[in-house]
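Dear colleague,

Please find below the sequence and structure that I am passing on to you. A written account of the findings comes after them.

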Amino acid sequence: GASNYVLAPQGGNPSGSQLLFKTYDFGTGVANKPIQIGFDFIEIMSWDGEYFNVYGNDVLLAQKRYWIDSFYGNLDGDGVTNTLSKNTAWPDEIHQFSLNASTDASGKFKLGFGSTLDEALSNESFSVDNIKMYVQYSYENFENGSNGWNMGTWDSLNYSKMLGLMGGTNGLEGYSKTYAFGNQNANRKVRVKLEFYKIRDW
């Protein structure tokens with residue numbers, strides 16, 4: 001994070017199986033829903049072609065090989081040089097990941113990491129930082145009704161059905177719907193994405 005604390009350096013094994021993992025419980029309200037995962041992968045010291053593996057619900061989501069730039073050049077093609085391990089001869093690199101997956105039938109998601117590193121942690125290791133997850137709780141296109149909003153839908157004929165028509169509210173909240181995400185999601189951030197249509201002569 002911002003204070004330069006990351007998960008403790010991790011090693012690997014020849015199979016690359018997940019050695020580091022955690023299960024997140026988002027509640028049954030988001031069972032089998034799309035989830036977007038983002039995090040920083042820190043390649044520490046002398047990687048020489050080993051694989052970094054990412055798992056979602058015990059299934060391999062992503063796999064990529066990494067090499068230390070100071071010896072092999074930029075074979076892995078991305079990353080920002082850093083010196084978290086204080087070894088300037090073998091500079092570390094930070095790589096950003098963005099992956100898509102789904103929660104399971106209980107609304108849970110298990111995130112795991114592994115690698116095929118085969119030497120001591122003092123020589124080659126990895127860490128992760130800044131893990132973020134976004135679960136698609138709801139998607140509403142209003143083709144089958146207003147889905148609990150305090151107004152009906154409007155058929156635009158040339159496009160599709162949408163929420164509206166809506167007029168002026170003197171700048172006050174005039175149209176609303178309350179979404180319940182469950183106690184396990186209390187005080188978590190919510191990201192809202194929508195399409196706004198400006199209709200006629202504003």
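The notes below go from the overall fold to the pocket, the surface and some individual residues.

This is a predicted model, in which local features need pLDDT of at least 70 and side-chain atom pairs count only at pLDDT 80 or more, while totals for chains, interfaces and linings use all residues. Residues are numbered from 1 along each chain as its sequence is written, and side-chain values use heavy atoms, with hydrogens and water left out.

Overall fold

The protein has one helix and ten strands; helices (H or I, at least four residues) and strands (E, at least two) are DSSP runs, numbered from the N terminus. Along the sequence the order is β-β-β-β-α-β-β-β-β-β-β. Among contacts with a separation of 6 or more, 70% join residues 24 or more positions apart, a contact being heavy atoms within 4.5 Å. Of the 202 residues, 33% count as buried. Here buried means under 20% relative accessible area, exposed over 50%, and partly exposed in between (1.4 Å probe, protein chains only). The protein exposes about 12,800 Å², of which carbon and sulfur atoms supply 50%; such areas come from the Shrake-Rupley method with a 1.4 Å probe, and for residues only the protein chains shown count as cover.

The largest pocket

The largest pocket has a volume of about 2,200 Å³. Of the 46 residues that line this pocket, the closest to its centre are Ser138, Arg191, Val192, Lys193 and Leu194. A pocket is found on a 1 Å grid over the protein atoms alone, as an open set of points where a 1.4 Å probe fits, with protein on both sides within 12 Å along at least five of seven lines; lining residues have an atom within 4 Å of a point. Grid points are joined across faces, edges and corners, and the volume is the space filled by probe spheres set on the points. Strand E2 (34-45), strand E8 (124-135) and E10 each supply at least two lining residues. The largest share, five residues, comes from E8.

A nonpolar surface patch

Phe181, Val190, Val192, Leu194, Phe196 and Trp202 form a nonpolar patch on the surface, with about 760 Å² of accessible area together. Patch residues have over 30% relative accessible area and no salt bridge, and nonpolar side chains (Val, Leu, Ile, Met, Phe, Trp, Tyr) are joined within 5 Å. A salt bridge is a side-chain nitrogen of Lys or Arg within 4 Å of a carboxyl oxygen of Asp or Glu. Phe181 is in the segment after strand E10 (161-163) and is partly exposed, because its relative accessible area is 31%.

Individual residues

Leu163 lies in strand E10 and counts as buried because its relative accessibility is 16%. Leaving aside neighbours within four places in sequence, Leu163 is in contact with Phe142, Ser146, Trp149, Met151, Gly152 and Thr153.

The peptide bond from Gly164 to Leu165 is cis, with omega near 0°, and Leu165 lies in the segment after E10. Asn187 also lies in that segment; although not a glycine, Asn187 has a positive phi of about 65°. At 83% relative accessibility, this residue counts as exposed.

With kind regards

Key
Patches are made of residues with over 30% relative accessible area and no salt bridge: like charges are joined within 9 Å, nonpolar side chains (Val, Leu, Ile, Met, Phe, Trp, Tyr) within 5 Å.
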